[in-house]
Amino acid sequence: MSANETIIRIDGLTVRYGRKTAVDRVSLTVPRGAVYALLGRNGAGKSSLVRCLLGQQKPAAGAIELFGDDVWRHRAALMERVGVVSEEADAPPDMTVAALARFCARLYARWDSRLADARLRRFGIAAGTRFGDLSKGQKKEVALALATAMAPDLLILDDPTLGLDVVARKALFEEVIGELADRGITVLVTTHDLGGIEGLADRVGILKDGALVVDDDLEALKSRFRRIRYPAAVALDAGALHPASVRAWGGGAEAVVTNYDESTILTGAEVAPMSLEEIFIAVAGEGAEK
């Protein structure tokens, strides 16, 4: 694969359920080796987009390519190169972890048994344990160990930290996602753990009501968002700055602006940078502009 290869290309993706539009004309690209964080509140359209990305659901309109091939027409061949950890890890409850690993080994030509065993040992999961006897978090860890053992070129993680404790979440973000990105493996992750993904994501997309309202490099995104607090006597120049949200603050107001520039001079105002979580709340929260 070329270092400049586009691994994921989504063009005008639209998903409808009856009269409801779950995904509204979304377009985005993810290059090889990137960690793309797809964010959104519950019901924003993340899961529908992921199902289409995996060829599990045919969209109402638009196209999706993985590695340059249409995912709907070439799904069987493409899934050989894609590792998946779904939001709800599932497998036959009576199968042991070892039996699951043997089953997966027969499906993937690049299966790495040593990597699977090492991950399971690190997670403290015995190979002879029945899948049905595992906790929700342990099931997610088994799914992650199996997904990475197939040596994927693309790893898709749908809310992977759901059900994991603090230690397991840290291991997932720092050791697994970071390690894969360092090896040039592309990762697309949907998550509500914004603090954990902030230090790893290269690019961030935010879905709101099915529309992709943000699609930007993380550092560029953080450089242009600022929280500005100013007294009533100071007028915010709405023509120069674009507020994503404004609310009362003390005797004045607090605004989150989306196009801040370091050359901007705001006399009498307090300007502060924002975390990814704060930006997300400003863009997708209840008080955000539509």
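**Around the sheet**

Author: Strand 3 and strand 8 run parallel and are joined by 4 bridges. Strands here are DSSP runs (E, at least two residues) and helices are too (H or I, at least four), numbered from the N terminus. Two strands pair if DSSP finds at least two bridges between them. Before we go on: this is a predicted model, where local features need pLDDT of at least 70 and side-chain atom pairs count only at pLDDT 80 or more, while totals for chains, interfaces and linings use all residues. Residues are numbered from 1 along each chain as its sequence is written, and side-chain values use heavy atoms, leaving out hydrogens and water.

Reader: Which of its residues point which way?

Author: Thr186, Leu188 and Thr190 go one way, Val187 and Val189 go the other, and all are buried.

Reader: Zooming out, what's the strand order in the sheet?

Author: It's an open sheet of 6 strands, ordered 6-7-8-3-9-10, with mixed pairing. Strand 6 (82-85) and strand 10 (211-217) each have a single partner strand, so they stand at the edges and one side of each has no neighbour in the sheet.

Reader: What does the twist average from one strand to the next?

Author: The average is 15°.

Reader: Back to strand 3. How many bridges join it to strand 9?

Author: There are 5, between residues 35-40 of strand 3 and residues 203-208 of strand 9, and these two run parallel. In strand 9, Arg203 stands opposite Tyr36.

Reader: New topic: where does helix 5 pack?

Author: Helix 5 (residues 136-149) packs on the sheet, touching strand 6 and strand 7 (154-158). Touching is contact, meaning heavy atoms within 4.5 Å.

Reader: What angle does its direction make with strand 6?

Author: About 180°. Angles run from 0 to 180 degrees between N-to-C directions, with axes fitted to C-alpha atoms, for helices over the stretch in contact.

Note on methods. Buried < 20%, exposed > 50% of the residue type's maximum accessible area, 1.4 Å probe, protein only.
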